[in-house]
Amino acid sequence: MTEMTLEYLVLCLVIMFLVTYGLRMVSLVLLRKKLTGKFIYSFLSYTPYGVLGAMIFPDIFFFTQTGVSITAGEFICAAVGFATAVILSLFKRGLTTVSLGAVVAVFIVQQLMQLI
Amino acid sequence: MQNTKFSMFRRGAADAVPVFLGYFTVAITFGVIATGKGLWSWCPIIMSMTCLSGTGQFVGIDLIASLASFAELFSAILVINARYFLMGLSLSQKLPPEIKLWQRFIIAFGNTDENFAIAMLPEKQVTFPYFLGLMFSSWNGWVWGTVMGVFLGNVIPPSVTSAMGVALYAMYIAIIVPPAVKSKPIMTVIAVACIISCIIKFVPIFSSLGGGWSVIISGVAASALGAVLFPMEVTQDD
């Protein structure tokens, strides 16, 4: 059993930095050529969409969750945030507008629900 | 010349305003939780300054507070953050050739989910000053949020914090919806990624995989499918 010593904390921080930075750095620094293979080129062009899609779904429906399972009210708030973001994006609003618009919509619905 | 570099930096910093807001509120929570676990106040702050990584830090602080072994900490952070490797591959293809090697070492530090997402927008020219601008906003949001959480606690009312939880998701949506509407292949890739990620989350056998693996498996599978079904013409424009 380790103790919470200064050495332990510093080593933990070093490990976290090295792993996090290492993962970000290795691929960016080692791969400097433009890849011309059709598959890999297409794959890496689609990667942002695949990764972002997986990061949004289904997590966006649970960001309001406070307990072990999500309540109907929390789910509705999350769904309103999602819908607002999609609608504003369809109108091609900037990132900040969409982001703040969704926050305001969720805030209003949360306040309304507390009144009911 | 200085002027144009500065204007690119400013554009990057402005584009990352939603990241600043999203990070700031999440980082306050991080600072509050870390302090609640009885860690010295400098520990979460240094962690935020050096890691700039949401989920990784929440898990990391948990493990540290429970005196986990170094091997455990190492492997947990490796799995949770493995997606950064994939994002680095993808971003490397977007960087223009004039970006120097030492600049790549710096860009890598700021290649978080959110900065990556903005940098990969098709209309963005990712110059070094532009990326520094993205890093400037996100780093400051994350670090100052942590400082606030550690020293002042929950300064933002819980109702606001809760609503702010949607900020970064909404930004992701703003990034992927316009190209998805225009392109069937992109729409397909997103849909497939969402479906796989939902399966991993809700099907009990897979749900033990956790968020780190889920993003990689869903992202890789969907992008690979996209590359097979809708191969792109290789363009060498820049």
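The largest nonpolar core of this predicted model has 105 residues. A nonpolar core is a set of buried Ala, Val, Leu, Ile, Met, Phe, Trp, Tyr and Cys residues joined through C-beta atoms within 7 Å. A residue is buried if 20 or more other C-beta atoms lie within 10 Å of its own, exposed if 12 or fewer, and partly exposed in between, with C-beta atoms placed from the backbone. The residues with the most contacts inside the core are Y169(B), A170(B), Y172(B) and I173(B). Helix α11(B) gives the most to this core, with 12 residues. Helices (H or I, at least four residues) and strands (E, at least two) are DSSP runs, numbered from the N terminus. The core draws at least three residues from each of domain 1 (2-174) and domain 2 (183-238) of chain B. These domain bounds come from an automatic or database domain assignment. In soluble globular proteins, nonpolar side chains tend to be buried together.

Residues are numbered from 1 along each chain as its sequence is written, and chains are lettered from A and ligands numbered from 1 in the order in which they are written. Because the model is predicted, local features need pLDDT of at least 70 and side-chain atom pairs count only at pLDDT 80 or more, while totals for chains, interfaces and linings use all residues.

The interface comes next. In total, 82 residues of chain B are in contact with 64 residues of chain A. Contact means that the C-beta atoms of two residues, placed from the backbone, lie within 7 Å. Helix α11 (residues 167-182) of chain B supplies the largest share of the side that touches chain A, 12 residues. By class, that side of chain B has 57 nonpolar, 20 polar and five charged residues. Here Ala, Val, Leu, Ile, Met, Phe, Trp, Tyr, Cys and Pro count as nonpolar, Asp, Glu, Lys and Arg as charged, and the others, Gly among them, as polar. Y172(B) touches L52(A), M55(A), I56(A) and A117(B), not counting residues up to four places away in sequence.

Chain B has 14 helices and zero strands. Its radius of gyration is 19 Å, close to the 18 Å that the globule rule gives for 238 residues, so chain B is as compact as a globular protein of that length. The radius is taken over C-alpha atoms, and the rule is 2.2 Å times the number of residues to the power 0.38. Buried residues make up 48% of the 238 residues in chain B.

Helix α2 (residues 17-36) of chain B is mostly covered: 14 of its 20 residues are buried. α2(B) is followed by G38(B), whose phi is positive, near 80°. In helix α3 (residues 42-51) of chain B, the buried residues include C43(B), P44(B), I45(B) and M47(B). The buried residues of α3(B) pack against α1 (6-30) of chain A, and also against α2, α4 (54-65) and α9 (128-152) of chain B.

Some backbone details remain. L52(B) lies in the loop between α3 and α4 of chain B. Its phi is near 50°, a positive value in a residue other than glycine. L52(B) counts as buried, because it has 27 C-beta neighbours inside 10 Å. L67(B) is found in the loop between α4 and α5 (70-81) of chain B. Phi of L67(B) is also positive, near 55°. With 13 C-beta neighbours inside 10 Å, L67(B) counts as partly exposed. In chain A, the peptide bond from F57(A) to P58(A) is cis, with omega near -10°.
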